[in-house]
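Try each task yourself before reading its solution.

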Amino acid sequence: MSNLEVLTLLELAEGSPKDRAARRAGARTAAPGDFARWFGAIGQRSLLLLLFLTVWETAPRLGLIDVTFLPPFSEVIAAGWQLAQSGELYEDVGASLLRALSGFLIAVVLMVPLGLLTGWYARLGDLLNQTIEIARNTAPLALLPVFILLLGIGELSKVTMVVYSCAWPLLLNTIAAVRQVDPLLVKSARTMGATPSQLFRKVILPASLPTIFVGIRLASASAMLVLVASEMVGAKSGLGYLIINSQYSFLIPQMYFGILGITVIGLAFNAILEALERRLMRWKAPVAA
C-alpha cells in the first residue's frame, strides 16, 4: 500500500476537516458543561452542611442561642487560626495522629491475618470463639483505668487502647468475610487444580476484601473515639486534651474547634481508606445507580 493510500485511509477515519472542527468545538463546550454538572452535584450533596453552618453562624448572633455556650462558627474558626499561629494546634494534631495511626496500623497488621486464619480454619475459630466474644463485649473505655494502671499514663497506654478498640471490628469482619466466600468459587478453583496458596491468593482474599475494608473503616472510627477519651483522662497534648482543657479554662471556641478537628481527621481517614479500597478492587464492577 502506498503512502498516498495510507494517508487517504487516515483522513477517512478521522473524517473531513469540518467533522474534526466540530468534534473539537464539541469538546470545548462539553468541558464547561461537565464542570458545571460536577459543581452542581457537589453543591447538592453539601446543601445540608451549608444550611447547618449557616444556622450555627446566625443563631448565636440573633440571640436565639446563648453565645457564651455556642459561639458563631466564624469565632470558632478564628480561635483555630490563633491556635495554628501559636503552634499549639500542630502539636496537638500531630500527637493525636501519631497515636491513632500507630494503634490502627498495629491492629490491622495483627488482626487481619488472624481473622483470615480463624475464618479459614474452623478448628481455630472454635478454639478462639469464646475468648473473642468475651473480649469484644468488654467496652474499651471501661478498661481505660486498667491500661493506665498497668502501662502508665504515657504513650504506651494510649496506643494500646487504640489497638484494643480497633481489634474487634477488624477481626470479626475479616472472619465473616472469609466464611461468606461463595463455596461454588472455592469448589471451582479446586476443580481446576488450584493449590491451597493459589486458592487463598486468587479466590479467598479478593472475595473477602470488600467486607475486610468495612471492618477497617469501622476500626478507624473506633480509633479516634477511644483515643480522644484516653487523651481527656491522662495527656498533656492531643485533640482530646485540647477539648477538655479548653472546657476547664472556659475557652469555648477552642473547644468546638477541637471537636471539628476530630471530625475532619475522621473524614480524611475515611476518604483515604475509600480511595485505597477502590484502587485494590478495580476488578469489582461498579454498582449501577
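The exercises below go from confidence and fold to the core, the surface and the salt bridges.

This is a predicted model, in which local features need pLDDT of at least 70 and side-chain atom pairs count only at pLDDT 80 or more, while totals for chains, interfaces and linings use all residues. Residues are numbered from 1 along each chain as its sequence is written, and side-chain values use heavy atoms, with hydrogens and water left out.

**Exercise 1. Confidence**

Find where confidence in the protein is lowest and where it is highest.

Solution. Start with pLDDT, the predictor's confidence in each residue, from 0 to 100. The protein averages 81, and 82% of the residues score at least 70. Next, go helix by helix (helices are DSSP runs of H or I with at least four residues, strands are E runs of at least two, both numbered from the N terminus). The lowest mean, 43, belongs to helix α1 (residues 3-14), and the highest, 92, to helix α4 (residues 73-86). Over residues 1-14 the pLDDT is below 50, and this stretch has five contacts in the model beyond near neighbours in sequence; contact means heavy atoms within 4.5 Å. Where pLDDT is low, the predicted coordinates should not be read in detail.

**Exercise 2. Fold and core**

Describe the secondary structure, then identify the residues with the most contacts inside the largest nonpolar core.

Solution. First, count elements: the protein has twelve helices and zero strands. Then look at contacts with a separation of 6 or more: 70% of them join residues 24 or more positions apart. Of the 289 residues, 34% count as buried (buried is under 20% relative accessible area, exposed over 50%, partly exposed in between, with a 1.4 Å probe and protein chains only). A nonpolar core is a set of buried Ala, Val, Leu, Ile, Met, Phe, Trp, Tyr and Cys residues joined through side-chain atoms within 4.5 Å. The largest one has 57 residues, and those with the most contacts inside it are Cys166, Trp168, Leu170, Val203, Ile204, Ile216 and Tyr256. Finally, select Val203: leaving aside neighbours within four places in sequence, this valine touches Val181, Leu185, Val186, Ala189 and Gln198.

**Exercise 3. A surface patch**

Which helix gives the most to the nonpolar patch?

Solution. List the members: Val146, Leu149, Leu150, Leu151 and Leu156, with about 530 Å² of accessible area together. Helix α7 (residues 144-151) gives the most, with four residues. Leu151 is found in helix α7, and this leucine counts as partly exposed because its relative accessibility is 32%.

**Exercise 4. Salt bridges**

How many salt bridges does the structure hold, and which partners does arginine 217 have?

Solution. Apply the criterion: a side-chain nitrogen of Lys or Arg within 4 Å of a carboxyl oxygen of Asp or Glu. The structure holds six such bridges. Arginine 217 pairs with glutamate 274, with the closest N and O atoms 3.0 Å apart. This pair links helix α12 (residues 252-280), which holds glutamate 274, to helix α10 (residues 196-233), which holds arginine 217, across 57 residues. Arginine 217 also bridges to glutamate 277 at 3.8 Å. Glutamate 277 counts as buried because its relative accessibility is 15%.

Lastly, Arg99, Glu155 and Glu231 are linked in a network of salt bridges.

Methods
Patches are made of residues with over 30% relative accessible area and no salt bridge: like charges are joined within 9 Å, nonpolar side chains (Val, Leu, Ile, Met, Phe, Trp, Tyr) within 5 Å. Accessible areas come from the Shrake-Rupley method with a 1.4 Å probe; for residues, only the protein chains shown count as cover.
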